[in-house]
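Take a look at the sequence and the fold below. A short report follows, one region at a time.

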Amino acid sequence: MHQFRYVGNKLFCEGVSVETLAEKFGTPLYVYSQQTVTDHFQKLDAALAPLDHLICFAMKANSNLSVMRTLANLGSGFDVVSAGELQRVIAAGGDPKKCVFAGVAKSEAEIEFALRQGIYCFNCESEPEIVRINQVAARLKKIAPIAVRVNPNVEAHTHAKITTGTYANKFGIAFEHIEGVYARANKLKNLKLRGLQMHIGSQLTQVSPYELAVKKVLPLVKKLAAKYALEFFSPGGGLGIIYNPALASGAAGWWQTPAAKGILTPASYAEKLLPQLQSLGLKILIEPGRFIVGNAGILVTRVEYVKRTGKKNFVIVDAAMNDLIRPAFYDSYHEIVPLVKKSGATVASDVVGGICESGDFFCKDRPLAKVGAGDRLALLSAGAYGFVMASNYNTRPLAAEIFVNGKKFAVARARQAIPEIWAGEKVVSWLK
Ligand SMILES: *Cc1c(COP(=O)(O)O)cnc(C)c1O
């Protein structure tokens, strides 16, 4: 469920007409629904209620301060992957003590910063990293809490660029090596073994890979927990969302459709995993990103030109791959809808941006209602891995981000001014 829907023929975000926002703030424009963020967090939180649990929002999916504050206010922790993200948590009013630090390349400076902030746990991805964390902790006379990310070597059945839990991926430590790694880490004086972590991939839409992975690592978790008094186990993030409602049975109510068998929902996740997780008697962490914010944001764009070639109908818009790279990068599907619905025939269209790359497209040969210059469109489900992956390619400014709650709306990030794009640059002295 999300809060973008038509009232009459106009697209609304909660109680606000998106057309009004586009007129007021211009395009390209990201628009986020606070109620949707809240709703998704609470659905997951409720599904996990029988467990001692903590949701650590994977903020790389959307690190806008207003989104983060919304989640912090709901009690969320954060999964961070850099010192910059941890500083953002603090800027957003989040609690570092509810943060886990993931990622394969943590630098000494990052480890030191995170230790000083008192984060809950480092999720370690290699043995040299564990050794380094111990050294930094010793230097600071601190004890560093760590967990190891186990790579369970299961296929997540998702896009290759977001599969992380097989031995062909750079992530985690092989299942077979984990016991040895814990035994060696346990000998390092400035570490506390706090948990075991896992993350098998992103945009998982089926429960079965989770079930399989959890089943596989459960005996290992039990053994390690008994031996080293672990506090937590994390089955990770990766819960998928519906990008294309035509593919999900029962469009509007896909959350509540157990009929969509095997589809990953908070309910099916809880049903399949809760009994297994409860048997551990540990605290359970999960680190969802996309699931919480994916459907809570849209990218609004304006049609500049419509161009018909011999073969194609190109709808050329003012947003481009620098604003939303997912179609180019992951072959992602984003539903594209007009802000003002018109009746009439559809035309097979390619919606494309203005960047000088053939990969700069939002859809290809998709039947869309006929549009003309000046019409506005919304790319739905753009709340995760949207703005955060935006760039200044072609010296295009970063889009503005608007936050909506009920009938209230406000700028959560101002549109970047063009001179800001090169603000940190200079012509080197010998060229003057
Ligand atoms: C990216 C990532 C997540 C979040 O993934 P989503 O698919 O957005 O839920 C969680 N944990 C780790 C370690 C990640 O790298």
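Predicted model: local features only at pLDDT ≥ 70, side-chain atom pairs only at ≥ 80, totals over all residues.

Residues are numbered from 1 along each chain as its sequence is written, and side-chain values use heavy atoms, without hydrogens and water.

Three strands make an open, antiparallel sheet in the order 1-2-3. Strand 1 (4–7) and strand 3 (16–17) are the edges; each has a single partner strand, so one side of each lacks a neighbour in the sheet. Strands are DSSP runs of E, at least two residues, and helices runs of H or I, at least four, numbered from the N terminus. Two strands pair if DSSP finds at least two bridges between them. Strand 2 (residues 10–13) pairs with strand 3 over two bridges. Cys13 has Val16 of strand 3 as its bridge partner.

**The helix.** Helix 3 spans residues 65–73, and its Val67, Met68, Thr70, Leu71 and Ala72 are buried. Buried means under 20% relative accessible area (1.4 Å probe, protein chains only). Asn64 caps the N-terminal end of helix 3. Just after this helix, Gly75 has a positive phi of about 100°.

**The glutamine.** Gln416 lies in the segment after strand 21 (408–413). Gln416 counts as buried because its relative accessibility is 12%. The table lists side-chain distances.

| Side chain | Partner | Distance |
|---|---|---|
| Gln416 | Asn392 side chain | 2.9 Å |

How values were computed: Buried < 20%, exposed > 50% of the residue type's maximum accessible area, 1.4 Å probe, protein only. Polar contact = N/O pair within 3.5 Å; in protein donor to acceptor, adjacent residues only side chain to side chain.
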